[in-house]
Amino acid sequence: MQWDVIVVGGGPSGLTMAAELAGSGVRTLVLERRSDGVQSRAGTILPRVLELFDARGIANRFIEKTRSISDYPFRPSHIWAGFHPIEWKHLESRFGFTLGLPQNLTEEILWDWAVECGAEIQRGAQVRDLCQCEDGVELDVVDASGTATTMRARYVIGADGGRSIVRFKLGLPFEGHSGTFRGIVFDAELKAPWPGGRINVDNEMGWVRGYVFGEGITRFNIVHRDRRHAPKDEPVTLEEALQCIRDVHGTDYGIRGYRWASRFDDQMRAVPTLRQGRVFLVGESARIHYPASGVGMNFCLQDAFNLGWKLANVVNGVADAATLDTYDAERLPVMRALLDSVKAQCALQFNFEPDAVTLKRRMQEHMIALPDVQRKLVRELCGLEAPYPRDAGSHPLTGMRCPDIEVLLPDGSAMAVTETLRQRRFVLLDLEGFSRQFSTLDVSGLPVTVLTARAAQIPAAMDGVKALLVRPDGYVAWVGTDVAQAGEVAAQLAKWLRR
């Protein structure tokens with residue numbers, strides 16, 4: 001077989017898949033149709049994704065790149081359905097902020113990371129056809145010079161966006177609805193004139209949000225009451241964008257030029273399954289939707305982090321192929337919850353009738369700031385509303401994101417739990433006072449690290465917890481509330497790994 005895995009698409013989710021696979025020793029090729037970089041497009045990196053990047057040692061790359069745009073790029077709050085602020089402190093993460101980074105810069109970081117991990121990337125390579133056989137997948141590919149060739153891999157990942165050729169060739173339904181309204185994204189040549197670099201206005205004329213998005217650039221997201229039914233392919237003009245901003249904000253801030261503008265809509269479509277045989281879909285190849293609250297790319301990246309370690313373990317022979325079924329079982333409900341969230345947000349946010357505006361004002365004043373509401377919304381924004389499937393009677397933490405805690409090691413040093421995951425291995429944390437309660441557990445030959453540690457601070461969710469088995473993607477696979485439960489740990493590991 002030429003390759004263990006071919007990833008079709010070199011956007012954020014495809015590059016993350018490639019890095020995860022190649023970093024575990026999997027022979028990985030990325031085929032990217034584009035010969036040039038992407039426009040700015042997505043621009044928000046959420047706390048949960050920063051935790052995952054930290055689990056691979058690259059979170060600071062995104063922070064430093066964003067600091068090159070803004071001296072203080074840390075946004076402690078976000079929006080939901082246009083409501084602001086939704087405060088990240090309620091997520092209880094060390095990364096209690098969002099970053100505003102244009103997608104082209106995000107892709108540059110991920111591209112470098114994928115190459116460092118050992119992935120090979122080909123630009124200008126277009127997949128024309130796909131055929132599965134018993135032991136692999138064949139792809140018909142035309143390279144940048146027009147030369148056609150057939151490539152073979154054990155597995156293929158479709159990360160090629162909303163117009164995915166991989167999804168089309170699989171014959172998977174892509175059901176949903178066409179766009180019912182249009183919005184505008186407008187990158188203005190303007191240094192933000194308002195304190196904090198952001199402003200959100202929602203009234204009877206529409207909704208406009210502005211925020212710093214580059215050196216001397218302010219991005220405006222616009223849904224205008226009277227322009228939301230403009231044809232999607234109608235070019236956005238400077239005058240149209242300025243009039244929309246004036247109508248909602250009362251001023252156009254003296255903008256005289258822009259770098260990029262585009263229309264988007266609320267088209268929503270999704271596949272019924274994320275896997276067909278040896279082919280998997282991640283990110284926008286599996287769903288498209290209105291970019292509510294700017295979180296879409298983050299869910300795409302989380303798909304890649306979920307599938308990457310599982311597929312690497314199967315390719316490397318330390319996991320059964322049945323492990324791959326958990327990708328669909330875990331991520332499909334998350335995708336459906338995301339789409340429900342988008343529908344709810346659009347229904348609230350883009351009703352500009354006077355009664356609806358009054359309703360939103362009341363919600364903003366009396367409901368959104370409530371701590372329980374805030375905790376619910378930060379989890380929803382990060383795709384952490386519900387646990388991954390778990391056995392009946394499991395500890396409430398099982399299947400959930402591992403709390404972002406710091407642990408103290410026997411030598412007196414300290415590290416975050418995310419730092420313990422940088423080798424893409426399971427980590428078994430013995431939290432019972434350096435007791436070595438798992439000294440009899442045999443994990444030889446398995447991608448498992450046993451670490452004796454103490455929690456520096458114990459969050460309420462971990463009250464009484466004496467051990468944690470944490471997956472490579474930072475989710476809790478097992479929780480121990482008694483000591484010396486090596487047999488339970490072995491049984492849990494057997495679900496995921498084999499010798």
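These legends describe close-up views of a predicted model. Local features need pLDDT of at least 70, side-chain atom pairs count only at pLDDT 80 or more, and totals for chains, interfaces and linings use all residues. Residues are numbered from 1 along each chain as its sequence is written, and side-chain values use heavy atoms, with hydrogens and water left out.

**View A. Strand 10 and its partners.** Strands are DSSP runs (E, at least two residues), and helices are runs of H or I with at least four, numbered from the N terminus. Two strands pair if DSSP finds at least two bridges between them. Strand 1 (residues 3–8) runs parallel to strand 10 (residues 148–158), joined by five bridges. Ile-6 has Val-156 as its bridge partner. Val-156 is also the bridge partner of Val-279, in strand 19. Strand 9 (residues 136–142) is antiparallel to strand 10, with six bridges.

**View B. Stacked pair Phe-220 and Tyr-253.** Rings of Phe, Tyr and Trp (its six-membered ring) pair if their centres lie within 6.5 Å; planes under 30 degrees apart are stacked, over 60 edge-to-face, the rest tilted. The whole structure holds 23 aromatic pairs. Here the centres are 6.2 Å apart and the planes at 20°, so the pair is stacked. Phe-220 is buried, at 0% relative accessible area; Tyr-253 is partly exposed, at 21%. Buried means under 20%, exposed over 50%, partly exposed in between (1.4 Å probe, protein chains only).

**View C. Arginines over rings.** A charge sits over a ring if NZ of Lys or CZ of Arg is within 6 Å of the ring centre and within 35 degrees of the ring normal. Arg-167 lies over the face of Phe-174, 3.5 Å from the ring centre. Arg-278 places its charged end over Tyr-155, at 4.9 Å.
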